[in-house]
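Thanks for coming. I will take one structure today and go through it piece by piece.

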Amino acid sequence: MKLSALFLSLLLVTQIASAGVLTIEKGNRSIEGVNVGKSADLVTISSTQKLDYIGAGLRTKKVLVANVKVYVAQIFLDNIGKFVRTDAGAVKSLADMKAGAIHLTFLRGVDAATVQVSFRDALDANNIDLNNKGIVAFLSAVKEGADAKDGKSMNISLAKDDKGVVTVVYENTAGVEKTITGDETLFKGILSIWLGEPADSGLETLRAVILKGE
Amino acid sequence: MKSSLIIISLLSFVVGCDAIDAMKATKDMKSATNSMNEKMDKTNIGIQETNDSVRKQKLILSINDMLDDKNTKDLEPVAIGMIAGAEEFGKAATTEETIKYTYKLLLEIKDVKPNEALKDTNGNYPASVVEAYDHKKMINLSQIYTIAGFYPQDKVDQIINEQIYGGGRYQRTAYIFLMARVQFLGTYLQETLFAEPLDTVEAMRELIVRLGAMDSILKSPFKDKVKINIDTFIARDPIVASLYDDAGKMEDSWNAPKLWKKVLKRFDQDLKDGNVVEGSSVKTTDVQNEITQLKATVQTYVGSWQ
């Protein structure tokens with residue numbers, strides 16, 4: 001491989017800066033004590049991209065007779081004007097997005113393997129190919145990442161270049177980042193966990209709140 | 001068993017004697033046998049009584065364990081501390097004792113009210129009284145959930161036969177018991193086996209057994225009667241659940257058709273080639289054979305809902 005080609009491939013892989021890629025601007029309201037950001041800045045290798053606030057909500061899970069609070073989710077995308085706030089349209093409109101971020105603040109301890117399984121179930125519910133190279137790498141990063149602890153946050157930052165190459169930086173609750181590359185499936189798949197076909201009633205409620213965008 | 005062996009050996013002895021002696025001996029033997037049988041019966045009764053005392057002792061200990069302070073403190077989302085006691089209860093209790101105990105717990109949940117004298121000058125119960133009252137009800141309810149959830153399947157079948165098909169005195173209690181079983185098993189599966197990679201054959205086997213236990217209730221001819229409605233809390237929301245809602249839908253945690261399909265996918269996602277550590281070809285073959293059988297079982301369940 002020529003040096004220039006190697007440099008180019010490295011550039012693609014590290015399109016998002018590898019450390020501290022996501023900064024959320026504080027907002028005026030909170031959910032379960034978690035501040036909901038107004039917007040976010042995604043630092044890429046070439047620039048800092050402004051992401052619009054799409055929506056936020058509480059992820060609950062019914063456990064026997066209790067509704068357990070699992071995390072507060074915040075979603076940011078780069079093109080709010082083209083985002084479609086409907087069940088059927090939200091994921092489709094991701095084709096018009098170039099960057100996005102998901103910020104999860106956990107209200108309950110969940111081990112990494114369980115987080116991975118829940119993401120995988122949600123991807124499966126959206127008919128995302130679980131053998132897709134990028135998806136495999138993403139799920140592997142989640143599984144190998146730190147356990148989600150009460151009060152800790154994780155970030156998933158996504159950027160798509162003009163050729164459709166997607167770069168994801170998964171920052172686990174210990175602050176350790178892992179960069180993954182893939183194709184459009186990776187971008188659409190990850191965001192469909194929260195914006196697509198809900199894997200359970202807790203995610204269905206969360207999606208409804210996110211789509212309202214309040 | 002022992003007494004019948006004695007009788008057979010005694011009869012063999014008789015064959016070698018002459019007729020008179022035989023008749024005399026037979027008479028004597030009969031008398032001896034009767035005497036022996038009586039003694040054996042007494043011994044058996046004694047053993048049964050001892051066994052029953054031991055069983056009842058275990059039953060009391062299991063209830064005491066469930067009600068131990070350390071096990072009744074954190075009841076939600078699941079009363080984990082009660083599980084060990086509930087499993088012991090399930091082993092020790094007869095179906096009659098179980099259904100009567102459930103009935104007693106439900107009566108307490110329904111009828112027990114705080115003392116009027118505890119009300120403040122505005123006629124309201126102080127927060128601490130409300131909390132203690134609701135908590136007491138949750139202790140009772142948690143016992144029902146954990147006992148029902150871990151109750152042995154053969155005894156569940158017996159309760160269904162005695163109380164539901166047999167028109168038993170505690171039929172309504174049996175419906176609630178079965179609802180509690182489905183709710184608890186659904187939660188248990190969601191929080192444990194479904195929440196983790198299903199990467200061992202034993203985990204897969206357990207999942208299939210427990211999901212199968214829910215499946216049989218969901219398909220039962222009395223499925224529309226299986227429900228629970230606890231609305232006697234002061235502060236907390238009522239606990240209302242039925243196997244199917246008005247539109248015929250099941251809740252996520254006990255949606256068997258969906259869950260069986262999920263299990264089927266897990267064979268390929270988590271249990272490829274049995275996930276065994278190489279070193280014993282016999283064990284590896286055993287595991288792979290079992291996986292094939294388990295997968296066929298799950299496919300049958302999936303098909304049964306189509």
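Where in chain A does A:N127 lie? A:N127 sits in the loop between α2 (112-125) and α3 (133-144) of chain A. Helices (H or I, at least four residues) and strands (E, at least two) are DSSP runs, numbered from the N terminus.

Before going on, the ground rules. This is a predicted model, in which local features need pLDDT of at least 70, side-chain atom pairs count only at pLDDT 80 or more, and totals for chains, interfaces and linings use all residues. Residues are numbered from 1 along each chain as its sequence is written, chains are lettered from A and ligands numbered from 1 in the order in which they are written, and side-chain values use heavy atoms, with hydrogens and water left out.

Back to A:N127. Its phi is near 55°, a positive value in a residue other than glycine. A:N127 counts as exposed because its relative accessibility is 70%; exposed means over 50%, buried under 20% and partly exposed in between, with a 1.4 Å probe and protein chains only.

Now the sheet. In chain A, eight strands form an open sheet in the order β1-β4-β5-β6-β7-β8-β9-β10, with antiparallel pairing. Two strands pair if DSSP finds at least two bridges between them. The edges are β1 (22-25) and β10 (177-182) of chain A, each pairing on one side only. On average, neighbouring strands of this sheet are turned by 25° against each other, direction ignored. Axes here are lines fitted to C-alpha atoms, for helices over the stretch in contact, and angles run from 0 to 180 degrees between N-to-C directions.

β1(A) and β4 (residues 39-43) of chain A are antiparallel, with four bridges, and A:L22 stands opposite A:L42 in β4(A). Two helices pack on the sheet. α3(A) touches β8 (153-160), β9 (166-171) and β10 of chain A, and its direction makes about 165° with that of β10(A). α4 (residues 184-195) of chain A touches β6, β7 (99-106), β8, β9 and β10, and its direction makes about 140° with that of β8(A). Contact means heavy atoms within 4.5 Å.

Further along, a hairpin of four residues joins β4(A) to β5(A), and these strands pair over five bridges.

Which residue takes a positive phi in the hairpin of β5(A) and β6(A)? A:L64 does, near 60°, and two residues lie between the strands. A:L64 counts as buried because its relative accessibility is 8%.

That residue leads to the interface. 19 residues of chain A are in contact with 24 residues of chain B. The two chains bury about 1,700 Å² between them, 49% of it on carbon and sulfur atoms; buried area is the accessible area (1.4 Å probe) that two parts lose on being put together, summed over both. A:L64, A:V65 and A:R120 supply 37% of the area that chain A buries against chain B, more than any other three residues.

There are seven salt bridges between chain A and chain B, a salt bridge being a side-chain nitrogen of Lys or Arg within 4 Å of a carboxyl oxygen of Asp or Glu. One of them joins A:K62 to B:E251, with the closest N and O atoms 3.2 Å apart. On the chain A side, β5, β6 and α2 each supply at least two residues that touch chain B, and α2(A) gives the most, with six residues.
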